[in-house]
Amino acid sequence: MYTLSRRHFLAGTAGLAAAWTLEQSQILKAMPQAESVFGKVKIRDVETATIQMNYPAHLVKITTDQGISGYGEAYNGAGIVDLVHHAKQYVLGQDPLQVEYLWSRMMEATSGHGSNAGSTVSAIAGIESALWDLAGKILKVPVFVLLGGKYRDKLLAYHDTGSPKTADPKPWIEEALASKAYGFKAMKFDLDWESRNQGVSGRTPYKYRREVWNRVITAEEMRQWYKILESILSALGAGYDVGVDLHWNYNTRDALRFAQEVEPLKLWFLEDPVPPENADALKRITDATRTPILTGENLYTRHGFRPFIEKQACDIIQPDPQKCGGLLETKRIADMADLYYITFACHNMCTPVGTYACAQVCAAIRSFVALESDSIEIPWWKDMVANDGGKFYPGGWFTLPNKPGLGFELNEEVCRQHLAAGTRWFRS
Ligand SMILES: [Mg+2]
């Protein structure tokens, strides 16, 4: 039998310590960046530029005293640009590697402005994404590494299709086939073209509803929607996932009736059937149907999601990272939901900048199922980033870049051509 004497043991540990020190110094010699860069870079400015897509998209750029810059994107809501410029005072002169600390600092400092929910949170989210881009570039790693590493190399993308706004199934089939031609294997359709949102804004005159305020789905609408979905599924053939978005327009009973009626179609999900404030109402639907229920684009921070997760009021949560509070907050929300084995889809209405940011966090979330793709129909959309616009989305997948930061280079020329009227390129 072999026994280790105390003398042998001490000699052994001393040898290990010496070897470890030698190894460390060799690492530093071979890779100078392994030396800590903490505290060596300071934020100099936060700037914004607004690109005109179907809506104004707000890009955020953080510059530093070391010449390195980080980019992010804030949600497209009203007032966001002003709020970014207001929140920047809490990060100027700070170390961009302090991402969570700076996020908390901005959230606390703007608490009176509404940083529990809404545009203030979305503005801070835009700055947070740019901080992650900077942190990744400074440390020379992709952002998913800083968020805990990746579960996958490529992400399933799903297409947010248009809405032909007609009861005739033919244009809906054309939309589905166009989406299929882009390569998407998963897509969603907006069936609520006669909804309160549409009717009140006056964008679409309504024909099958008696009025727009009462949140009713008429029997005629239900019949039409079923026929449209049946036609889409049959045109696509096997192997396609189809979801439906109802944009929080309907009452609980009618939405539940619809969810139950479409059960034979095996929809991928039914999104936001009822308004977003009441987790109990959504839970009533989720508990009573086999159609999976999805929600999240109108919720902010872990606190907003908490009742929906704790009550298990939905089957899939879909936070918008650039809206709900940023990349780390999205991961924390998804991890909370995973305690109940509720899966995570990523709401995304961004330019490629925000889409790359979403991709980084999607890679690092265990329960990820799909990343939303919006605006791919705009011919110059994918060219807003240089060289690797081909990532959107061959075969319906987004392959993760193996580059530092969020992983893209901005194509300044293309972006500048589409600056929103009356705005300037990255103004301070
Ligand atoms: Mg939606």
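Trainee: Which strand do two bridges join to strand 9 (residues 316-317)?
Mentor: Strands here are DSSP runs of E, at least two residues, and helices are runs of H or I, at least four residues, both numbered from the N terminus. Two strands pair if DSSP finds at least two bridges between them. Strand 9 has two bridges to a parallel partner, strand 10.

Trainee: What is the average pLDDT of the protein chain?
Mentor: This is a predicted model, in which local features need pLDDT of at least 70 and side-chain atom pairs count only at pLDDT 80 or more, while totals for chains, interfaces and linings use all residues. Residues are numbered from 1 along each chain as its sequence is written. pLDDT is the predictor's confidence in each residue, from 0 to 100. Here 89% of the residues score at least 70, and the average is 92.

Trainee: Which element has the lowest mean pLDDT?
Mentor: At the top end is strand 8 (residues 293-295), with the highest mean, 99.

Trainee: Which residue of strand 10 stands opposite isoleucine 317?
Mentor: Strand 10 spans residues 343-346. Across from isoleucine 317 is phenylalanine 344.

Trainee: Which residue of strand 10 points the way Phe344 does?
Mentor: In a regular strand the side chains alternate between the two faces of the sheet. Thr343 and Ala345 point one way. All four residues are buried, that is, each has 20 or more other C-beta atoms within 10 Å of its own, with C-beta atoms placed from the backbone. Pointing the other way, along with Phe344, is Cys346.

Trainee: Right-handed or left-handed: what is the crossover from strand 10 to strand 11?
Mentor: Three bridges join strand 10 to the parallel strand 11, with cysteine 346 partnered to leucine 371. The chain passes between these strands through helix 14 (residues 352-363). Point the strands away from you: if the path from the first strand over the helix to the second runs clockwise, the crossover is right-handed. This β-α-β crossover is right-handed.

Trainee: Which residue of strand 11 does tyrosine 158 face?
Mentor: Strand 11 (residues 368-373) has five of its six residues buried. Strand 4 (residues 154-160) runs parallel to strand 11, joined by three bridges. Tyrosine 158 stands opposite glutamate 372.

Trainee: How many other C-beta atoms lie within 10 Å of serine 129?
Mentor: Serine 129 sits in helix 4. Beyond four places in sequence, its contacts (C-beta atoms within 7 Å, placed from the backbone) include Gly72, Gln322 and Ala357. Serine 129 is buried because its count of other C-beta atoms within 10 Å is 34.

Trainee: How far is serine 129 from glycine 70 in space?
Mentor: In sequence they are 59 residues apart. C-alpha to C-alpha, the distance is 8.3 Å.

Key
A residue is buried if 20 or more other C-beta atoms lie within 10 Å of its own, exposed if 12 or fewer, and partly exposed in between; C-beta atoms are placed from the backbone. Two residues are in contact if their C-beta atoms, placed from the backbone, lie within 7 Å.
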